[in-house]
Amino acid sequence: MPELVPIRYGRMLVSPFAFYRGAALIMADDLASATPRSGLTVQCCGDAHLSNFGVFASPERRLVFDINDFDETLPGPWEWDVKRLAASIAIAAQDRDFSPADCERIVLETVREYRAAMIRFAGMNNLDVWYAHLDVDDTMALIGEQLTPKMRKRTSKALAKARTRDSMSAFSKLTRIVDGKPRFVADPPLIVPIADLQGHGGEQSFEGLGERLAAYRASLPYERRTLLEQFRLSDFARKVVGVGSVGTRAWIALLFGADQRDPLLLQMKEAERSVFEQFLTRSRFANSGRRVVAGQRLMQASSDIFLGWLRIDSGLDGHSRDFYVRQLKDWKGSAEIEQMTPKAMAAYGRMCGWTLARAHARSGDRVAIAAYLGR
C-alpha cells in the first residue's frame, strides 16, 4: 500500500531506535554475511528487540511477561536473537544519553542473564522448562526492593493501566453508534472502515471477509472454536499497526457475544515470509500465518486463546495473502523506554534476557547452548 510508505518512514525517523525496530531485514543480512554461527538451532523470534517484549494476560488471567511479536519467527541460530536483543539495548541506552559505562553495563547484564538462565534451564527437566514463565506480580515482589519509590510507583501505574486494555476499552476508543449500531470510527489512513474502502461495494467485501473469518475458526482447538461461535460479526476496518509492519495489511474485526456489553475485537495481520528465510531455509509451513502461530506457541509460555491463521485467496486487491489472527487488546502493555533510568533499563534487560533464554530452551538443545556459553 504505497500511501502508507510515508507513515512507515516517518515512524522510523523518530529516533535511531525507531529505525532499528523497522530494520529487521538489514540486520538479518548483516548477521548472515558477517558473523560466525555456532551451528545450534532454536525457534528464533527473528526480531527480538526490547520493544517486542511486554506484558499481556495469560488464559488464567494472570499478567505475564513474554515476547510478543513473532512476524519473523523461524528456526535459526540462537545467537541471532541474542545479538538483536543486545544491539537494541545498546541503541536504546545511547538514545537515552546514558553514559558509555552505563550502556556497556546494561548490555552485559542483559546477555549475562541469558547465559545464566540457559545454564539453569540446562539442569531442569523438560516439563519444568515448558512450564517456566515470568509472572509479573511475582517478579515485582522480587525486584521491587531494587527500584526507587518513584520507579515502583510508575511501574505499578503502568501495570494497572495494562489491565484496563481489553476489548471493552478498545471498543470504547474505536467505535461509535451509527444508525443504532456500533461502527468503527474512520481515522484515515490509520483506520479505514470497510464501508469506506469500496463505497457501495463495502457490503459485499464485508460478507467476503466474514466468510474468511469463519474459515479462520478451523485453525483453533475445538473448545475455542466453540467459544468463538458464540460471537457474531458486526464490522471490519483496516488499521495501520507497528513500525516495521506499516505497509502490510491489517484488519480489525468487531464481534459481539450476548449483547453490546460483550464485545470482542480481533486483529487479522498479514504474514509475509520471514526476513530469515532468504538467509536460512524456507519455512516448513506453506501458510506464513501458520508459521507465525506455530512459532509463537512454541516460544511463548502462554498464548492468546484466539490465536489462529487463515489465507485470503482473493482479497480486495485480487491477490492471495496469509494472515494470523489474535485479540486486538488483552491486557497488553509495553515498557516506556523513553522514561527508563539506567537501573530500570538494566532490570528490564535482565527480564528480556531470561525470557529469551526460556523461549530458546523450549525448542533447542539447551545443554549444548549452555555448554557453548560456558561460564
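1. Pairing of strand E11 with strand E13. Leu 266 stands opposite Gln 327, a residue of E13. Strand E11 (residues 263–271) and E13 are joined by six bridges in the antiparallel sense. The coordinates are those of a predicted model, and every remark below should be read accordingly.

2. Pairing of strand E12 with strand E13. Strand E13 (residues 321–327) is also joined to E12 by five bridges, and these two strands run antiparallel. Within this pairing, Ile 312 stands opposite Arg 321 of E13, and Leu 310 has Phe 323 of E13 as its bridge partner.

3. Burial of these strands. Seven of the seven residues of E13 are buried, so this strand is largely enclosed by the rest of the structure. Strand E12 (residues 308–312) is mostly covered, with four of its five residues buried.

4. Which helix holds Leu 213? Leu 213 is found in H11, which spans residues 202–216. Its relative accessibility is 6%, and because buried means under 20%, Leu 213 counts as buried. Neighbours within four places in sequence aside, Leu 213 is in contact with Leu 233, Phe 236, Ala 253, Leu 255, Leu 266, Met 268 and Leu 310. As for Pro 188, it lies 25 residues from Leu 213 in sequence, and the two C-alpha atoms are 24 Å apart in space.

5. The ring pair of Phe 236 and Trp 251. Phe 236, listed above as a contact of Leu 213, is buried, and so is Trp 251. The ring centres of Phe 236 and Trp 251 are 6.4 Å apart and their planes stand at 85°, so the pair is edge-to-face. Phe 236 belongs to strand E9 (residues 232–239) and Trp 251 to strand E10 (residues 250–256); the pair thus links distant parts of the chain, 15 residues apart.

6. The ring pair of Phe 65 and Tyr 348. The count of aromatic pairs comes to eight. One of them, Phe 65 with Tyr 348, is edge-to-face, at 5.7 Å centre to centre and with 85° between the planes. Phe 65 lies in strand E3 and Tyr 348 in helix H14, so this pair ties together parts that are 283 residues apart in sequence. Both Phe 65 and Tyr 348 are buried. Ring pairs also bring in Phe 53, which forms a cluster with Phe 65 and Tyr 348.

7. The sheet that contains E3. Where does strand E3 stand in the order of its sheet? This open sheet has three strands in the order E2-E3-E5, with antiparallel pairing. Strand E2 (53–57) and strand E5 (134–135) stand at the edges with a single partner strand each, so one side of each is left without a neighbour in the sheet. Strand E3 (residues 63–67) is joined to E5 by two bridges, and the two strands run antiparallel. Val 64 has Asp 135 of E5 as its bridge partner.

8. Helix H14. Helix H14, residues 342–363, has 22 residues and reaches 32 Å from its first C-alpha to its last, close to the 32 Å expected at 1.5 Å a residue. Of its 22 residues, 18 are buried, so H14 is largely enclosed by the rest of the structure.

9. Charges over rings. The charged end of Arg 362 sits over the ring of Trp 130, at 3.5 Å from its centre. Arg 84 lies over the face of Tyr 20, and here the distance from the ring centre is 4.2 Å.

10. The chain as a whole. The chain has 15 helices and 13 strands. Its radius of gyration is 21 Å, close to the 21 Å that the globule rule gives for 375 residues, so the chain is as compact as a globular protein of that length. Along the principal axes, the C-alpha atoms fill a box of roughly 65 × 50 × 45 Å. Of the 375 residues, 51% are buried. Among contacts with a separation of 6 or more, 73% are between residues 24 or more positions apart.

How values were computed. Residues are numbered from 1 along each chain as its sequence is written. This is a predicted model: local features need pLDDT of at least 70, side-chain atom pairs count only at pLDDT 80 or more; totals for chains, interfaces and linings use all residues. Side-chain values use heavy atoms; hydrogens and water are left out. The expected span of a helix is 1.5 Å times one less than its number of residues. Buried means under 20% relative accessible area, exposed over 50%, partly exposed in between (1.4 Å probe, protein chains only). Contact means heavy atoms within 4.5 Å. Two strands pair if DSSP finds at least two bridges between them. Rings of Phe, Tyr and Trp (its six-membered ring) pair if their centres lie within 6.5 Å; planes under 30 degrees apart count as stacked, over 60 as edge-to-face and the rest as tilted. A charge sits over a ring if NZ of Lys or CZ of Arg is within 6 Å of the ring centre and within 35 degrees of the ring normal. The radius of gyration is taken over C-alpha atoms; the globule rule is 2.2 Å times the number of residues to the power 0.38.
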